[in-house]
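Dear colleague,

Please find the structure below for your records. My notes on the ligand and its surroundings follow.

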Amino acid sequence: MSRTVYVNGDYLPEEEAVVSVFDRGFLMADGVYEVTSVLGGKLIDFPGHSARLTRSLSELDMASPCSDEELLAIHRELVVRNGIEDGLIYMQVTRGNPGDRDFAFPDPKVTRPTLVLFTQSKPGLADSPAAKTGWKVISIEDIRWGRRDIKTTQLLYPSMGKMMAKKAGADDAWLIEDGMVTEGTSNNAYIVTGNRIVTRALSNDILHGITRAAVLRFAAEAQMQVEERSFTIEEAQAADEAFVTSASAFVMPVVEIDGTALGDGKPGPVATRLREIYLEESRKVAV
Ligand code: PDD
């Protein structure tokens, strides 16, 4: 059955949902996005995603297409119209269609941003079999641009990284800059030794994950120690456990890094526990 997609104020069948070939999102990757998960028909961590969208827009001098309340209403409407129980909502804002190609930004008073949202139904998203076996990751060089804190639609290198991982028989790639892990292709990266969780500190080098913020808060509440600092692949390979977080994977255990199994090669107790806590607590405050 065809999905209902939102484009600039209209709810349309996906076949009719179109944007211009001159849209700067298409020509320049001049756009930002958010992915929010839906569990039990409710939005997980929506305030965080909406706040990060505002920040991404502001960092790029891009106009906001509508208020946070309107964005929430559109998200909810799409969940209802598409009957989403479990899944994802993709939201993208681009600098719009100035009617031609030009490196200079168009005047925001004349060219309005383009707002597109669509749903992805994923029944049983929180019960993913992968969470029971864990992911294998490889390491690759991080050659992305220097503002990874802005959630832009420039995702070619992360896609290439995902393909490199697949070709190597792995599930994802961890990106390495100056010998240190930055993050995964589309998730934040963590290692665990004993009761101590280590993850890279926030800066322009990584995306400020909304799941990361929640998980670190829950970890501290559960008396786990959290250290925000960079780590090497060698340190990760010697760790007891590792995991990644994102809106689509929640807390996903990592069991192998560059062919080296962590511990007994099975998801560790800390990652497993944090996944349970995250899912339980974030469902309670879902909207
Ligand atoms: N990706 N780092 C990168 C590079 C990401 O693309 C993402 C999210 C994250 C985790 O952020 P959050 O916890 O807010 O989802 C970290 C989304 C899920 C995506 O591109 O599909």
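A pocket, as used here, is found on a 1 Å grid over the protein atoms alone: it is an open set of points with protein on both sides within 12 Å along at least five of seven lines, and its lining residues have an atom within 4 Å of a point. Grid points are joined across faces, edges and corners, and a volume is the space filled by probe spheres set on the points.

The model is predicted, so local features need pLDDT of at least 70 and side-chain atom pairs count only at pLDDT 80 or more, while totals for chains, interfaces and linings use all residues. Residues are numbered from 1 along each chain as its sequence is written, and side-chain values use heavy atoms, with hydrogens and water left out.

The largest pocket holds about 830 Å³ of space. Its lining comprises 37 residues, and Tyr33, Lys151, Leu155, Thr185 and Ser186 lie nearest the centre.

The ligand sits in this largest pocket, meaning that more than half of its atoms lie within 2 Å of the grid points.

- A ligand nitrogen lies 3.2 Å from a side-chain N or O atom of lysine 151.
- A ligand nitrogen lies 3.3 Å from a polar backbone atom of serine 186.
- A ligand oxygen lies 2.8 Å from a polar backbone atom of alanine 247.

The protein covers 89% of the 470 Å² of accessible area (Shrake-Rupley method, 1.4 Å probe) that the ligand has on its own.

Yours sincerely

Technical notes:
A polar contact is a pair of N or O atoms within 3.5 Å; within protein, one must be able to donate a hydrogen and the other to accept it, and residues adjacent in sequence count only if both atoms are side-chain atoms. On a 1 Å grid over the protein atoms alone, a cavity is a set of points where a 1.4 Å probe fits but cannot get out, and a pocket is an open set with protein on both sides within 12 Å along at least five of seven lines; lining residues have an atom within 4 Å of a point.
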